[in-house]
Structures are given as structure tokens and as C-alpha cells.
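Trainee: I am new to this structure. Could we go through it together, beginning with a surface residue?
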Amino acid sequence: MARKTRDAAEAPRRDSRPPKPSPRKGGGEGPSQRQLRVAEEIRHALSAIFAREEFRDPDLYDLKVTVTEVRASPDLQHMTAFVSGLGRDLSPAQLAGLKRIQPFLRSQVAKAVRLRTAPELHFQPDTALEYAMHISKVMQQPVVQQDLAKPVETPPAGTAEKTRDAEEP
């Protein structure tokens, strides 16, 4: 039998290329497909819970809540739910009430969505609609409309050729 001259640590690797770094380590890539999928499931579960209105908190009595978006942390341990009231903004007392019933909502979400651990829920008011209306008003202002109506200035046709001739000695 042939005798091994090198041990396994000295043996060259079959693939000598360095391993590619994971694109998720930088965090600048955005949420993964799993984060998006789980967040959407949590949004559906929260919407169903809010539709049933099973709350005993007096601040949440007869509250109609819309869950517009849920964002998941990379480890799926924390979920931020963006909520808004139907027809009106949520008051600070109602947001405090949502924070108080968070353990109840967490248990209900855990029953509805199969995850290893139930995520902690955090509630934020959704201001996207207000921001969109503000931008729409800004875009309708006469000064902005005047800037948008200005044609883009293009250089005359012969200037590009002159600059190329000037660069060549």
C-alpha cells in the first residue's frame, strides 16, 4: 500500500478559490425572501386578529385597525407592524393600548403562524399616506410645475465633435 506523505491539513483543497462572502453579511442588500414571506404571514395573522376585535383594553374598544406593512428583523425575532386606523389616525392612547396587548397578540400570532419562536411585536403608526399626500401637494405648487415644464438643455450638435478634436494632439 502506498504510504501517505501529507496529512489532511497539508493536502491541497480541490477548490482553491476563496469562498464567496455572503451577500447578507453587509446588511445593505435588503430583506431576504424568507423575511418578506414571514412578515407577510404575520401581517395576515394580525389583520385577522384585529378583525375579530377580541380586546379587553378600554382604549381599543371599537377600534378598526389596518396593518399596512410588517417588517421582520434578520433573525425573525422582532416584527415591526405599521398600523393605521380606518378613516382616522391612531391616537397615542390607542398605540399605548396596542403595546399593552402585545403579549396577547404575540400568543395569537404564534398559534396562527408556525415559527420556532414567537416574534416580539412592535407597533408604529403608518405615515406613508400622509407623506404621499404632502409630496403630491408639493408637486402641484406653481414653482415646482415651472421647474418640471422646463425643457432639458441639450448641447448643440457640433460641440461634441469639437471636444473630441481638441483632445487628440
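This is a predicted model: local features need pLDDT of at least 70, side-chain atom pairs count only at pLDDT 80 or more; totals for chains, interfaces and linings use all residues.

Trainee: In which helix is Tyr131 found?
Mentor: Tyr131 belongs to helix H4.

Trainee: Which residues form a nonpolar patch on the surface?
Mentor: Tyr131 forms that patch together with Ile135, Met139 and Leu148. Their accessible area together is about 400 Å².

Trainee: Where does the largest share of the nonpolar patch come from?
Mentor: Helix H4, residues 128-139, contributes the largest share, with 3 residues.

Trainee: Now to another helix. What span should H1 have, and what do its end C-alpha atoms show?
Mentor: Helix H1 covers residues 33-52, which is 20 residues. At 1.5 Å a residue, H1 should span 28 Å, and its end C-alpha atoms are 29 Å apart, which agrees.

Trainee: Which residues of H1 are buried?
Mentor: They are Gln35, Val38, Ala39, Ile42, Ala45, Leu46, Ile49 and Phe50. Seen down the axis of H1, these buried residues fall within an arc of 135°, so they line one face of the helix.

Trainee: Why would residues three or four places apart point the same way?
Mentor: An α-helix has 3.6 residues a turn, so residues at that spacing point the same way.

Trainee: What covers the buried residues of H1?
Mentor: The cover includes strands S1 (65-72), S2 (78-85) and S3 (120-125), along with helices H2 (92-100) and H3 (102-112).

Trainee: And which residues are exposed on the other side of H1?
Mentor: Gln33, Arg37 and Ala51 are exposed there.

Key: Residues are numbered from 1 along each chain as its sequence is written. Side-chain values use heavy atoms; hydrogens and water are left out. Helices (H or I, at least four residues) and strands (E, at least two) are DSSP runs, numbered from the N terminus. The expected span of a helix is 1.5 Å times one less than its number of residues. Buried means under 20% relative accessible area, exposed over 50%, partly exposed in between (1.4 Å probe, protein chains only). The arc is that of the directions from the helix axis to the C-beta atoms. Contact means heavy atoms within 4.5 Å. Patches are made of residues with over 30% relative accessible area and no salt bridge: like charges are joined within 9 Å, nonpolar side chains (Val, Leu, Ile, Met, Phe, Trp, Tyr) within 5 Å. Accessible areas come from the Shrake-Rupley method with a 1.4 Å probe; for residues, only the protein chains shown count as cover. A salt bridge is a side-chain nitrogen of Lys or Arg within 4 Å of a carboxyl oxygen of Asp or Glu.
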